[in-house]
Amino acid sequence: MNKSILLAGLAAFALLSTPAAAQSSPEAVATAALKRAPVFDGHNDVPWALRERVDNVINDFDFQDTTDTAKPDATPPVPMMHTDLARLRKGHVGAQFWSVYVPSNDDEPEAIRQTLEQIDVMKRLVARYPNDLVLVANATELEKAMKAGKVAGMLGMEGGQSIGSSLAVLRQMRELGARYMTLTHGKNTPWGDSATDAPVHDGLTDFGRQVVQEMNRIGMIVDLSHVSEATMKDALETAKAPVMFSHSGVRAVNDHPRNVPDSVLPAVKANGGVIMVVLYAAFVDPAAREHGLARTAQKARLDGQYLGNPAGAEAALKAWDAANPAPKTPIAKAADHIDHIRKTIGIDHIGIGGDYDGMDATPVGMEDVTGYPALFTELAKRGYSQADLEKIASGNMLRVLKAVEAYAKAHAGDPPGETPVVK
C-alpha cells in the first residue's frame, strides 16, 4: 500500500475515533451544551429592581429591553438593569428563580407585606409577556416550558424574616408559588444565624429545624446562601431532601463569609444538594474582596476625620475611589470556584446563580445575563465536556428540584408542622 494513503487513512480513522466534543472549539462545546440544556439560574433580583426603580408601577415598563434604565446623574448613580427578555435569550437562560427579596429587618409583619408585594409584581410582569415568560408549578411544567422556548420561572424567597416566624405563613407562601426560601439574609432571623451577623443561635434553633422539616414536607427547597457555617451544618443535618445554595461561592477560593467552607462540602454531597456559583465580584475574587475591605476601612477613617462634616467625608472618599479603582475581575475567577467544587465533591453538585440585578460588580465579560456563554466557554477551555456543562447549566438543579418534589409527594400524608400562635 502507498505510504501516503496509509497515513491518510490512519488520520481519518483517528478523527472518526475522537469524540465530537474534542474536535470542537471551546465556544462550540459551550454553545452545544447551552442549546441542549439552557441555563437554569438560581437567583435573579428583578423583582427588587422593579421596586427600587419604579415602585412596582410596571404597566408601562418595557421588559423587552431595559438597556435604557441607567440614571448616571442620580445620587447615587443608578446602573443599567442586568436583565431583560432580549438579553435572557442571548444568554441562553431557559429557567430562572426570581428572587422575591426584602431587606433584613426586625419588623417581620412589614417583611411579610413586602414579600407579598414582590410576589405580586413578578406575577404581573410575567403575565404581561405570555409568549416569553411563564411561572411554573413543578419540574415537569418547567421542562415543558423550556422545550417550548419560554423562560420558565419559579419564585424564591430571600430571607426567613418573610415568614414572620410562622409555619402557617411559610405554607401560604408556598401556596402563592414560592419554591425555595433562603433561611436568612444579611441579618439573623429569630431562629437562624446569618453569615454576616454576630451569631446568637449557634446555627438553627429548634424552631429553625422545624422550618427545614416543614419545607421538606411541602416541597420547598431549603436555600443555604447567606447563612452561617453553623446554620449550614444544622440545616444539612436536619434536611431529608436536597438543599441548594442559590448564589454562593466557596471559601477555599475566596474567603468571604458568604461562601461555602470546605467543612460543609462533604455534607452537601451526601445530601445530594447543589451549589449555584454566584458571579458577584466580591464573592468570587479575593482582590475585589480586599479592595472592598480597604474601602470600608477608609470610609470609617474619613467619617471620623471629618466628624460633623459629612460633605467633606464624601468628597474625600470620592477622591480615594478615583485613586483606588476596584480591580477588574476576570471570568476565570468564577470558573475557579466551579473547579474547586468539582475537585472536592464532584460535577453533580454545581449550578449557576448569577445574582443579576442584585449586585454592583461582575466579572469582565459577564456584565449582564448575556454573559453565561462566556463562562461556559471558559469551562470548556478547562476540559469540561459537553455533558459536564449540561449538568452545570440546568441538569443538576433539575435533579434537585425533582428530588424535593418526590420527597414531598412521598410525605403528602404527613401532618403539618404546628406551633402555638403568638398572642
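**Loops first, then helices**

Reply: Happy to! Let's start with His92, which sits in the loop between H5 and strand E2 (93–101); helices (H or I, at least four residues) and strands (E, at least two) are DSSP runs, numbered from the N terminus. This is a predicted model, in which local features need pLDDT of at least 70 and side-chain atom pairs need 80 or more, while totals for chains, interfaces and linings use all residues. Residues are numbered from 1 along each chain as its sequence is written, and side-chain values rest on heavy atoms, without hydrogens or water.

His92 is not a glycine, yet its phi is positive, at about 60 degrees. Most residues other than glycine have a negative phi, and most peptide bonds are trans. With 29% relative accessibility, His92 counts as partly exposed (buried is under 20% relative accessible area, exposed over 50%, partly exposed in between, with a 1.4 Å probe and protein chains only).

The loop between H4 and H5 holds a second case, Asn56. Asn56 is not a glycine either, and its phi is positive at about 65 degrees. At 11% relative accessibility, Asn56 counts as buried.

Further along, Pro76 belongs to the loop between H4 and H5. The peptide bond from Thr75 to Pro76 is cis, with omega about -5 degrees.

Thr66 is also worth a stop: it lies in the loop between helix H4 (46–54) and helix H5 (85–90). Its relative accessibility is 0%, so Thr66 counts as buried. Beyond its neighbours within four places in sequence, Thr66 touches Phe61, Met80, Met81, Thr83, Asp84 and Arg87, contact meaning heavy atoms within 4.5 Å. A polar atom of the Thr66 side chain lies 2.8 Å from the backbone oxygen of Thr83.

Now for the helices. Seven of the ten residues of helix H16 (residues 372–381) are buried, so the helix is largely enclosed by the rest of the structure. The buried residues are Tyr372, Leu375, Phe376, Thr377, Glu378, Leu379 and Ala380. Their cover includes helix H3 (26–36), strand E1 (39–44), E2, helix H15 (331–345), strand E9 (350–352) and H17. Just after H16, Gly383 has a positive phi of about 100 degrees.

H17 (residues 386–410) also pairs with helix H7 (residues 139–147): their axes come within 10 Å and cross at roughly 150 degrees. Axes are lines fitted to C-alpha atoms, for helices over the stretch in contact, with angles from 0 to 180 degrees between N-to-C directions. From H7, Ala139, Leu142 and Glu143 meet Leu398, Leu401, Lys402 and Glu405 of H17. The residues of this H7 and H17 contact divide into four nonpolar, no polar and three charged (Ala, Val, Leu, Ile, Met, Phe, Trp, Tyr, Cys and Pro are nonpolar, Asp, Glu, Lys and Arg charged, the others, Gly among them, polar).

Finally, helix H13 (residues 286–305) packs with helix H14 (residues 310–323) at an angle of about 150 degrees, their axes 9 Å apart. That makes H13 roughly antiparallel to H14 (under 35 degrees is roughly parallel, over 145 roughly antiparallel, 65 to 115 roughly perpendicular, the rest oblique). On the H13 side, His291, Ala294, Arg295, Gln298, Lys299, Leu302 and Asp303 meet Ala313, Ala316, Leu317, Trp320 and Asp321 of H14. By class, the contact of H13 with H14 has six nonpolar, two polar and four charged residues.

Technical notes. Polar contact = N/O pair within 3.5 Å; in protein donor to acceptor, adjacent residues only side chain to side chain.
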